[in-house]
Amino acid sequence: MAPLNKSGKLRAKFDQHILNDNLYEAYQLCCTLIFRYSNSGQYDIAIDLAKYAANILLDRGELHSATDLTKKYIDLLVKAGCVNERENVTSITTLISRFSPGDDRNSIVNTLLKASKSSSAPHGSPYLHSCLAKMYESEGNSNNARYHYSFSDDSAECAMFIIRLSATGLPEEPQLFASQMILQYLVTERSIAARRFFEVFISSHPAVPEKSPPFTAPLLNFLYLLLAIITEGNKNEYIELTTAYETSLRRDPSFAVCLEKIGQKYFGMPVQKQQGAGGIMGLLDSLFDSSGDQQPTDGTSTEIHMEASDLD
């Protein structure tokens with residue numbers, strides 16, 4: 001790694017401690033320097049020092065010290081008002097990727113996500129989520145990658161990840177993965193991202209032979225119709241649609257909570273008080289009961305822009 005700029009006597013002393021393998025002394029001195037530079041408003045120097053020292057101590061296996069300095073690095077970016085600048089996000093996630101998976105790295109990631117939140121990004125910086133998603137995917141951690149892709153700033157990129165994730169699985173998995181992601185987009189009120197995801201997923205997935213409706217997979221038909229009515233806010237259409245695809249929607253317990261929230265956010269559905277059966281059965285039963293005497297047919301008895309029977 002290149003030597004520090006504007007080193008001065010104290011920073012030269014820090015480098016000397018590293019050369020002499022006096023790692024704890026180097027860490028202590030670094031903390032002192034960061035404090036001084038930060039208090040004097042010299043955030044750029046303090047940021048460079050924290051990043052440099054964290055990398056050096058990580059190279060030397062000083063995990064605790066490197067973790068602390070990385071958190072100081074994040075705190076300095078916050079104080080300098082530049083924590084969400086793309087260059088800084090790329091830099092900090094590159095540093096995070098050098099930590100082995102575990103509690104220390106998880107703590108750093110949580111600190112960074114919390115620091116990146118804003119009124120326009122309540123779940124954290126979308127670009128940060130994109131960087132973390134790629135990091136986790138490269139490590140084979142599909143669960144964490146999927147979570148972060150879902151909050152990233154590129155739903156097309158997310159769709160391609162889901163395609164990679166589901167292309168070699170069971171035949172029914174693609175529609176389940178797509179449904180999970182699109183429902184989450186809608187729960188977090190990102191309908192445009194949901195539509196873009198659906199378009200890329202359908203056009204690019206090798207296991208989806210139809211590139212326009214009707215689809216062989218019932219849930220893909222459900223998603224197509226849901227995205228078509230989402231901006232209209234018609235409660236009856238929503239009840240009819242969910243009733244028609246009840247059988248397929250019961251296949252994943254996570255759908256129930258999402259459907260309830262989507263009903264409330266987009267269609268004016270009241271908050272349901274569950275009685276009797278809980279979980280997926282209770283939530284779906286309470287939703288489907290609103291449709292009167294209609295029986296669940298998974299797409300054979302409702303008209304919503306296109307007849308569901310044509311899309312099943």
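Before looking at any angle, I noted that axes are lines fitted to C-alpha atoms, for helices over the stretch in contact, with angles running from 0 to 180 degrees between N-to-C directions. I also kept in mind that this is a predicted model.

**Entry: the helix pair**

I looked up helix α9 (residues 155–166) and helix α10 (residues 173–187), and found that their axes come within 9 Å and cross at roughly 155°. Angles over 145 degrees count as roughly antiparallel, so I put α9 and α10 down as roughly antiparallel to each other. The crossing of α9 past α10 is right-handed. Next I checked who makes the contact: α9 brings S155, C158, I162, L165 and S166, while α10 brings P174, F177, A178, M181 and Y185. Sorted by class, this contact holds 8 nonpolar and 2 polar residues, with no charged ones.

**Entry: the cysteines**

How many disulfides does the count come to? I got 0 disulfides, taking a pair of cysteine sulfur atoms within 2.5 Å as the rule. I then looked at burial, where the cut-off is under 20% relative accessible area. C131 is buried at 14%, and C258 is also buried, at 16% relative accessibility.

**Entry: L132**

I found L132 in helix α7 (residues 126–138). Is L132 buried or exposed? Its relative accessibility is 1%, so I noted L132 as buried. Leaving out residues up to four places away in sequence, L132 touches T93, V109, L113 and H148. I also looked up L132 and S152: they lie 20 residues apart in sequence, and their C-alpha atoms are 9.1 Å apart in space.

Definitions and conventions. Residues are numbered from 1 along each chain as its sequence is written. This is a predicted model: local features need pLDDT of at least 70, side-chain atom pairs count only at pLDDT 80 or more; totals for chains, interfaces and linings use all residues. Side-chain values use heavy atoms; hydrogens and water are left out. Helices (H or I, at least four residues) and strands (E, at least two) are DSSP runs, numbered from the N terminus. Angles under 35 degrees count as roughly parallel, over 145 as roughly antiparallel, 65 to 115 as roughly perpendicular and the rest as oblique. A crossing is left-handed if the near helix is turned anticlockwise from the far one by less than a right angle, and right-handed if clockwise. Contact means heavy atoms within 4.5 Å. Ala, Val, Leu, Ile, Met, Phe, Trp, Tyr, Cys and Pro count as nonpolar, Asp, Glu, Lys and Arg as charged, and the others, Gly among them, as polar. Buried means under 20% relative accessible area, exposed over 50%, partly exposed in between (1.4 Å probe, protein chains only).
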